[in-house]
Amino acid sequence: MSIVLELTAVAKTFTMHLQGGIRLPVVTGVAFAVRASECVVLAGRSGAGKSSILKMIFGTYRCDAGSILVNADGRTVDVAQAEPRQILTLRARALGYVSQFLRAVPRVPTIDVVAEPLVIAGGERDDARRRAADLLRRLNIPERLWPLPPATFSGGEQQRVNIARGFISDLPLLLLDEPTASLDAGNRAVVVDLVAEKKRRGTAVVAIVHDDDVRAAIADGVIDVNRFTAAA
Amino acid sequence: MMEREDDQPLLRAEGLSKWYGKQLGCRDVSFALYPGEVIAVVGESGSGKTTLLQLLSAQLAPFCGRVLYRMRDGVMRDLASLSEAERRFLFRTDWGYVHQDPALGLRMGVSAGANVGERLMAIGWRHYGRIRETAGDWLARVEIDGGRIDDAPYTYSGGMRQRLQIARNLVTRPRLVFMDEPTGGLDVSVQARLLDLLRGLVAELALAAVIVTHDLAVARLLSHRVIVMKDGEIVEIGLTDQVLDDPHQPYTQLLVSSVLPP
């Protein structure tokens, strides 16, 4: 299968200007590739830089060195060098991200929070809502909650809304940051199924997962991030 | 914006500088705004945000530098070179300007319907029934009860006035809207509603916008890119989540770390 994501010699250091310019090296020499229909899990101790790598791939963190090539939608974009507009286009067409926490607009109903990525991409609203409803049902969010904004939901419910939102689009590359952290066994199994479905449709997945069972169920390969951790 | 990646900028600022006597307004500001793109300008009071907005919208003339704008015929024009008629066309049709204080952007003594309808009449609409119907549609879109269409905005709450000002600006389907602290001075709950409304309208109408705000949450919710200003200059510019989550400049780090989490 074709390579969808390829990181080469990626490095990241934070410079904390408010703390006297102290430099916090996070990772260095990060190199790995992910193919279509493959799920790679980033493993490593807490603070090793797993989330930072995901954020660099998504473009939320800037990358100090190396390249992050995404081959999708008939073109190759180096996220490390791309202009903001290229990154926004890439996110709309090729790059999905499920963060650890839901960041939702205050008043928007859950069903629309989930449907929004499809609508933004130009999809028809009713169709987007139908697909959102399917996902919310599968993730065991009771239908009576769908018209409500998710701000008051429990942590686990919010995370499932976040997962539904992240999985609604069929994009070539999906980044998952601890998607199952606060879920019960039943919902973890749903997420495992959802990942398997994405892989069957050709999506390349990069995930951070601490749960051993989930990892065993979804991972085609494991990258040990400890070996990229930069020495301070 | 997502569908047109090789398109040309809608507006381009080149080396904009402005002094008020010896007082610096802004210095050497350059950036490009693309169709459908929302840029937030953040920074503390006195950082030059509002000066920049006034320069971009041809309300102030720069000491040096220029602002180029793509007219509807596709030609990039220097705002300083426009005729009075062309400038009026921009203000009446192609641009919107949302003031922090709605009283500056509305006529407080005439009805809400007339406030919205006036912009349509300025571009040649004459049919009273159609004007009123369109004004009514826009009041509904900004969630103002149709029963209030004949009331003057001085009878409205602050949040309603701000929503009315937005309706008045958007009714002519502008391509570019300037907003100066659009949520400033409103209660938090009212702010949330306004932000949500603005967010929907900006996306639905594919508006380009320059939004001046000191509120980083507003920038995060509404903008694609952020410009951070300090002492009249751009200190950092980039993708909104990049600038807010991985700020590089000392001043941006200070700004981001000064926000109290809710």
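Chain B has an average pLDDT of 91, and 97% of its residues score at least 70; pLDDT is the predictor's confidence in each residue, from 0 to 100. The model is predicted: local features need pLDDT of at least 70, side-chain atom pairs count only at pLDDT 80 or more, and totals for chains, interfaces and linings use all residues. Residues are numbered from 1 along each chain as its sequence is written, while chains are lettered from A and ligands numbered from 1 in the order in which they are written. The model scores are ipTM 0.91 and pTM 0.92. Residues 1-6 of chain B stay under 50 in pLDDT. For this stretch the model has 11 contacts beyond four places in sequence; two residues are in contact if their C-beta atoms, placed from the backbone, lie within 7 Å. Where pLDDT is low, predicted coordinates should not be read in detail.

Chain B contains 10 helices and 10 strands. These elements are DSSP runs, numbered from the N terminus: helices are H or I with at least four residues, strands E with at least two. The radius of gyration of chain B is 18 Å, close to the 18 Å given by the globule rule for 262 residues, so chain B is as compact as a globular protein of that length. The radius is taken over C-alpha atoms, and the rule is 2.2 Å times the number of residues to the power 0.38. Along the principal axes, the C-alpha atoms of chain B fill a box of roughly 55 × 45 × 45 Å. Of the 262 residues, 44% count as buried. A residue is buried if 20 or more other C-beta atoms lie within 10 Å of its own, exposed if 12 or fewer, and partly exposed in between, with C-beta atoms placed from the backbone. Among contacts in chain B between residues at least 6 apart in sequence, 66% join residues at least 24 apart.

An open sheet of six strands in chain B has the order β6-β7-β8-β3-β9-β10, with mixed pairing. Two strands pair if DSSP finds at least two bridges between them. The edge strands are β6 (95-98) and β10 of chain B, each pairing on one side only. The twist averages 15 degrees from one strand to the next. Strands β3 (residues 38-42) and β8 (residues 208-212) of chain B run parallel and are joined by four bridges. B:Ala40 has B:Ile211 in β8(B) as its bridge partner. Helix α1 (residues 49-56) of chain B lies across β3, β7 (176-180), β8 and β9 of chain B, at about 150 degrees to β8(B). Helix α6 (residues 158-170) of chain B lies across β6 and β7 of chain B, at about 165 degrees to β6(B). Axes are lines fitted to C-alpha atoms, for helices over the stretch in contact, and angles run from 0 to 180 degrees between N-to-C directions.

B:Leu16 sits in strand β1 (residues 11-20) of chain B. B:Leu16 is buried because 24 other C-beta atoms lie within 10 Å. Leaving aside neighbours within four places in sequence, B:Leu16 contacts B:Cys26, B:Val29, B:Leu55, B:Pro62, B:Gly65 and B:Val67. B:Leu16 and B:Leu56 are 40 residues apart in sequence, and 9.1 Å apart in space, C-alpha to C-alpha.

In chain A, an open sheet of five strands has the order β6-β7-β8-β3-β9, with parallel pairing. Strands β6 and β9 (221-224) of chain A stand at the edges with a single partner strand each, so one side of each is left without a neighbour in the sheet. Neighbouring strands of this sheet are turned by 20 degrees against each other on average, direction ignored. β6(A) pairs with strand β7 (residues 173-177) of chain A in the parallel sense over four bridges. A:Gly96 stands opposite A:Leu174 in β7(A). Strands β4 (residues 65-72) and β5 (residues 75-78) of chain A pair in the antiparallel sense, also over four bridges. A:Ala72 stands opposite A:Arg75 in β5(A). The hairpin of β4(A) and β5(A) has two residues between the strands, and A:Asp73 takes a positive phi near 55 degrees there.

At the interface, 17 residues of chain A are in contact with 21 residues of chain B. Helix α2 (residues 84-93) of chain A gives the most to the chain A side, with six residues. By class, that side has 10 nonpolar, four polar and three charged residues. Here Ala, Val, Leu, Ile, Met, Phe, Trp, Tyr, Cys and Pro count as nonpolar, Asp, Glu, Lys and Arg as charged, and the others, Gly among them, as polar. Seven of the 10 residues of α2(A) are buried, so α2(A) is largely enclosed by the rest of the structure. The buried residues of α2(A) include A:Ile87, A:Leu88 and A:Leu90. They pack against β4, β5 and β6 (95-98) of chain A, together with β9 (225-230) and β10 (233-239) of chain B.
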